[in-house]
Amino acid sequence: MTNVVVRPIPFAFDASVPFQWQPDNPNFGVLCNSFTFFVVPFERYIVATVRELSKSINDDEVAAEADAFLKQEAQHASAHRKHMLSLIEKYPGLDEIYVNVGKMFDAQWTQKPLEYHLAYIANIEATFTPLMKVFLDNRESLFAGGDRRVASLMMWHFVEEIEHRSSALILSRYVTPNPWYRVKRAKTMFGHVNDVMMEIVRGFDKHVPLEDRGVCAVAALTSGLFAGELKRRLPFVSPSVGGDGVPSVFHAVPTKTLLSMIWRLVLSQAPTHDPADQPLPGWVDLWMGEYERGTDMTTFYGIPPAMVGRPPAPIEPIIGRKPDY
């Protein structure tokens with residue numbers, strides 16, 4: 001039976017949440033915002049797909065997996081929708097992104113069969129384990145210094161993506177046992193993902209002033225990840241900044257770790273791949289332990305909003321200072 005747990009965490013967002021919630025790593029801040037605008041329609045697509053599948057499931061274990069997966073994804077959609085609406089409240093033009101991306105998923109839903117939708121979801125979910133491991137293992141350079149409301153939302157979602165890492169594949173294989181089905185369609189599927197992400201970041205650049213973004217959103221997506229990051233690590237090229245002088249998303253991630261992540265992303269699309277066999281971040285257990293203890297997970301990581309963007313307090317010299325006693 002499934003081990004997926006549904007955790008209804010009461011995240012709250014309003015117009016006080018800045019678009020650039022992570023000034024210490026602004027490209028990552030934009031990346032996470034684009035994740036929010038992707039997640040809301042994508043989760044709706046997942047819910048519609050799993051509900052359609054559930055009408056024909058005759059296996060109790062698969063049915064339980066589908067039910068837990070659907071409920072957890074619905075929680076993600078609800079929380080990210082709150083974050084998205086807080087940004088739309090501040091920048092009404094961003095509603096155009098939500099509408100356009102929703103249409104892109106709706107068009108795919110009407111044009112493709114159920115087995116395609118399940119394979120699409122399984123392919124995307126397969127990439128999350130290596131990605132989320134790097135995000136969580138390198139949380140200091142990615143999340144520390146960021147608004148704890150958004151940082152905690154993202155980290156909760158990343159933890160739960162790792163928890164249900166095999167759910168989508170189980171459902172896809174139930175309908176389509178042939179492992180090559182999703183592999184042969186991966187290029188088209190990730191082409192759709194790329195189109196959606198580009199629609200989002202172009203919308204950010206269009207509707208959010210540069211002083212609020214801090215960086216070009218399109219550049220954050222197209223030049224600061226994976227190949228772009230490795231290119232910056234060549235001899236005589238600074239590993240820590242891009243052409244605009246802004247720290248790259250993965251500037252603090254060791255090259256070996258980055259290469260391992262890229263390799264595992266490639267392997268995630270192999271016909272025999274199963275996310276259940278992948279290495280996991282130990283921090284997931286810490287997060288879950290805190291949740292079980294009743295810790296407020298809505299502000300679990302990051303810093304208070306009032307401190308975001310402030311330089312750290314200077315350290316006073318000890319020599320010459322009078323003792324406190």
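User: How many helices and strands are there in the protein?
Analyst: Bear in mind that this is a predicted model, where local features need pLDDT of at least 70, side-chain atom pairs count only at pLDDT 80 or more, and totals for chains, interfaces and linings use all residues. Residues are numbered from 1 along each chain as its sequence is written, and side-chain values use heavy atoms, leaving out hydrogens and water. Helices (H or I, at least four residues) and strands (E, at least two) are DSSP runs, numbered from the N terminus. The count comes to 14 helices and 0 strands.

User: How far apart are the end C-alpha atoms of helix H2?
Analyst: H2 covers residues 60-90, which makes 31 residues. The expected span is 1.5 Å times one less than the number of residues, so H2 should span 45 Å. The model agrees, with its end C-alpha atoms 46 Å apart.

User: Which residue caps the N-terminal end of H2?
Analyst: Look for a side-chain oxygen that lies 2.9 Å from the backbone nitrogen of Glu 61. The residue it belongs to is Asp 59.

User: What share of the residues of the protein count as buried?
Analyst: Buried means under 20% relative accessible area, exposed over 50%, and partly exposed in between (1.4 Å probe, protein chains only). Cys 32 has 2%, so it is buried, while Cys 216 has 35% and is therefore partly exposed. Across the 325 residues of the protein, the buried share is 50%.

User: How many disulfides does the structure hold?
Analyst: A disulfide here is a pair of cysteine sulfur atoms within 2.5 Å. By that cut-off, the number in the structure is 0.

Terms used
A polar contact is a pair of N or O atoms within 3.5 Å; within protein, one must be able to donate a hydrogen and the other to accept it, and residues adjacent in sequence count only if both atoms are side-chain atoms.
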